[in-house]
Amino acid sequence: MTYVKHRPAERDIRKHRVLAGCLMPFLTLSSYRIRYELDGPEHGPAYVFVNGLTQYAELWGAYRNTLVAKGFRVATFDLLGQGTSDKPALFISQDDQVAALGLVIDQLGDVPVFLSGISFGGVIALRYAVVHGNRLTGLAVMSTFAELSPQLLLLGNALRVGLILGGTNYLQDLLLPMNLSDAWLGPQLENLDAIKRQGWLTNDVYALQNLMESFLDFKPLTAQLPSIKIPTMILNGEFDFLTPRTLHETLRLQIPDSALVIIPHAFHAFTLEKPALTASLLSTFAEDVLSEKWKGNRSVWIAPENAGDPLIPFPPDHDHLRAIPAAQVPR
């Protein structure tokens, strides 16, 4: 595989700001600042993580630690409207987010780059891969979609109205039980106010509204997915309510060198619930691609219960889109 080295344009020159007593690197996109962080060996293969809608870069901490220990360089950043990046008061387009992602990738130099994103971040990662797939060595998208199903469209509209009428706290009240399992929520019930407080401090209600409204004119990416020729791993929680398996099936069928991996006992935000398992899957995927062992073939797998255990092929005579063990029906 040939890796193309991109040189940042003049406006993309790396900048630094001192915030809260710490030296934090920023990139410039037009008049906006994008906060990012690089960790790990400078010349190692790189992983770039793109946040979900209400996330911020620090939530990838466990992934950074695991992957850096395995010799990867890890790039995390806050999208426009998130964390410490600028939060424009007016509309934020997804094109701007893809451009911000491109600036981060430009900082990595001539190394293999693996791009990973969850949910909203998965959409941004897909859009980048459609246009700049030659810059990537592999793609791992999680809990995401290429088109808005009627259910997802209506859920998104309801969440947006909830944010407008009830603020960030109400949005979190809706998302927590939708995105996380009873097994995770149960022990945290008495601490939820503290957990929500960090999200409230980090997220701005108008910025979140802008991020949501970037889907008002969203055009499906489905027809463009076949242009993604790189190895692609698609991760989907077994009980994902927001982005169920049918949405991931579109990715599997349209991306030629892809494999769908179902995470057992997992919901939409499995990256928060199962960081050890997910980081292990990501590192194994990259190692397989780099060693030319990866064979996507639009295959379907079940992830193991424990980090480091092998994937399990989905029984070929059963329908992986069903919640019951139904026989496969020719399509």
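I looked up the largest nonpolar core first. It has 60 residues, and those with the most contacts inside it are Val48, Phe77, Leu101, Leu115, Leu126, Leu139 and Ile228. Helix H3 (residues 120-132) gives the largest share of this core, eight residues. A second, separate core has 27 residues, including Tyr47, Trp60, Leu67 and Val289.

I noted the terms. A nonpolar core is a set of buried Ala, Val, Leu, Ile, Met, Phe, Trp, Tyr and Cys residues joined through side-chain atoms within 4.5 Å. Buried means under 20% relative accessible area, exposed means over 50%, and partly exposed is in between (1.4 Å probe, protein chains only). Helices (H or I, at least four residues) and strands (E, at least two) are DSSP runs, numbered from the N terminus. In soluble globular proteins, nonpolar side chains tend to be buried together.

I also noted what I am looking at: a predicted model, where local features need pLDDT of at least 70, side-chain atom pairs count only at pLDDT 80 or more, and totals for chains, interfaces and linings use all residues. Residues are numbered from 1 along each chain as its sequence is written, and side-chain values use heavy atoms, with hydrogens and water left out.

I picked Leu115. Setting aside residues up to four places away in sequence, Leu115 touches Val48, Val50, Leu101, Ala125, Tyr128, Leu136, Gly138, Leu139 and Ala140. Contact here means heavy atoms within 4.5 Å.

Then I turned to Phe77, in strand S5. Phe77 counts as buried because its relative accessibility is 0%. With residues up to four places away left out, Phe77 touches Ile34, Arg35, Tyr36, Val48, Phe49, Val50, Asn51, Ala57, Leu101 and Val104. I also checked Thr202, 125 residues from Phe77 along the chain; their C-alpha atoms are separated by 14 Å.

**H2 against H3**

How do H2 and H3 cross? The axes of helix H2 (residues 94-106) and H3 come within 9 Å and cross at roughly 75°. That makes H2 roughly perpendicular to H3. Axes are lines fitted to C-alpha atoms, for helices over the stretch in contact, and angles run from 0 to 180 degrees between N-to-C directions. Under 35 degrees counts as roughly parallel, over 145 as roughly antiparallel, 65 to 115 as roughly perpendicular, and the rest as oblique.

I listed who meets whom. From H2 come Gln94, Asp95, Gln97, Val98, Leu101, Gly102 and Ile105; from H3 come Phe120, Val123, Ile124, Ala125, Arg127 and Tyr128. By class, this contact has eight nonpolar, three polar and two charged residues. Ala, Val, Leu, Ile, Met, Phe, Trp, Tyr, Cys and Pro count as nonpolar, Asp, Glu, Lys and Arg as charged, and the others, Gly among them, as polar.

**Helix H7**

Is H7 (residues 205-213) enclosed or open? Seven of its nine residues are buried, so H7 is largely enclosed by the rest of the structure. The buried residues of H7 pack against H2, H3 and helix H4 (150-179). One of them is Ala207, which counts as buried at 1% relative accessibility. Ala207 touches Gly81, Lys87 and Ile92, not counting residues up to four places away in sequence.

At the start of H7, a side-chain oxygen of Asp204 reaches to within 3.0 Å of the backbone nitrogen of Tyr206. I looked up the rule for polar contacts. They are pairs of N or O atoms within 3.5 Å; within protein, one must be able to donate a hydrogen and the other to accept it, and residues adjacent in sequence count only if both atoms are side-chain atoms.

Asp86 lies in the loop between S5 (73-77) and H2. A polar atom of the Asp86 side chain lies 2.8 Å from the backbone nitrogen of Arg33.

Ser258 is in strand S9 (residues 258-263). Its side chain reaches the backbone oxygen of Ile255 at 2.8 Å. At 0% relative accessibility, Ser258 counts as buried.

**Positive phi**

Most residues other than glycine have a negative phi. I found Ser143 with a positive phi, near 50°. Ser143 sits in the loop between strand S7 (138-142) and H4, and counts as buried at 0% relative accessibility. His265 also has a positive phi, near 60°. His265 is in the loop between S9 and helix H9 (270-273), and counts as partly exposed at 45%.
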